[in-house]
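Please look over the structure shown here before reading on. My points follow it.

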Amino acid sequence: MSSSLLLDIGNSRLKWRLEADIGSPASGAQMSTGPDGLDLDGLLQSLSTPPTEAWISSVVAAPAQALMRGFVERGIAAHCARSLAALDGLTSGYSDPSQLGVDRFLALLGAHRRWPGQNCVVVDAGTALTVDLLRDDGQHLGGCILPGLRLMAAALAGGTDRLGPHSQVAKTAAAAPGTVADHTAAAIGLGIDHAVLGAIERIRASHPAWPILICGGDADRLADMLSPPCQVHHGLVLDGLARYAELARASSLRSTH
């Protein structure tokens, strides 16, 4: 029996899931952007079913290329997804569809597939945070990109002299539930929260009834602070990748190396 392994390579984490396990939580691991960022043999041995092919979504080149080579060396066909102008009822809102990050494209595809006929705001809260509007007919209306929570903290710590390491900020960022804080680490964390929430809610303001679908490493934290309706779905990119793979098997979408 054939089995497909789905992999989503982000800027700091790699997530994976067997295609047959759609709807189940993804597994994940910290990943460097270098070619040695993942123990591929260890990953393959951890799977319940040995894969016969792999489908990859990646926003960074080196780990994707290393994985593609690794799969081929082990006799596993490997394919990379790419952003398209339209697929499965989803239409990109970018003037140049190839410029839309493949993770955003697949999250939109996953949202459109899982919740057909639903207007929604799709948020991916990772190293970078993206916000995209998806109309009920599958038309992507565009979106925005801003630094994620940890990246904001790292930038502030790196660009100032006395605000402390961003690791400390990350641990205390959610410590102040109000609108202001009474010590520096909480003030930084609260300011970052306000910046991210403000961006999401400002985009949402023109579509106040649209629910938010949120994925990414900081999804749970943001969902607790966003106004409803808001739903966390960590496997949104992998859901889109599964649909992409399904359609690609019967078309010319394959990209094999």
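Predicted model: local features only at pLDDT ≥ 70, side-chain atom pairs only at ≥ 80, totals over all residues.

1. Residues are numbered from 1 along each chain as its sequence is written, and side-chain values use heavy atoms, with hydrogens and water left out.

2. Start with His140. It sits in strand 10 (residues 140-147); strands are DSSP runs of E, at least two residues, and helices are runs of H or I, at least four, numbered from the N terminus. His140 is buried, at 1% relative accessible area; buried means under 20% (1.4 Å probe, protein chains only).

3. The side chain of His140 makes a polar contact with the side chain of Asp132 at 2.8 Å. Such a contact is a pair of N or O atoms within 3.5 Å, one able to donate a hydrogen and the other to accept it; residues adjacent in sequence count only if both atoms are side-chain atoms. The His140 side chain also reaches the backbone nitrogen of Gly142, at 3.3 Å.

4. Beyond four places in sequence, His140 is in contact (heavy atoms within 4.5 Å) with residues including Thr91, Tyr94, Arg104, Leu108 and Asp132.

5. Now the lining of the largest cavity. Among its residues are Arg104, Leu108 and Asp132; lining residues have an atom within 4 Å of a point on a 1 Å grid where a 1.4 Å probe fits but cannot get out. Helix 3 gives the most, four residues.

Note on methods
Buried < 20%, exposed > 50% of the residue type's maximum accessible area, 1.4 Å probe, protein only. 1 Å grid on protein atoms, 1.4 Å probe; cavity = no way out; pocket = protein on both sides within 12 Å on 5 of 7 lines; lining within 4 Å.
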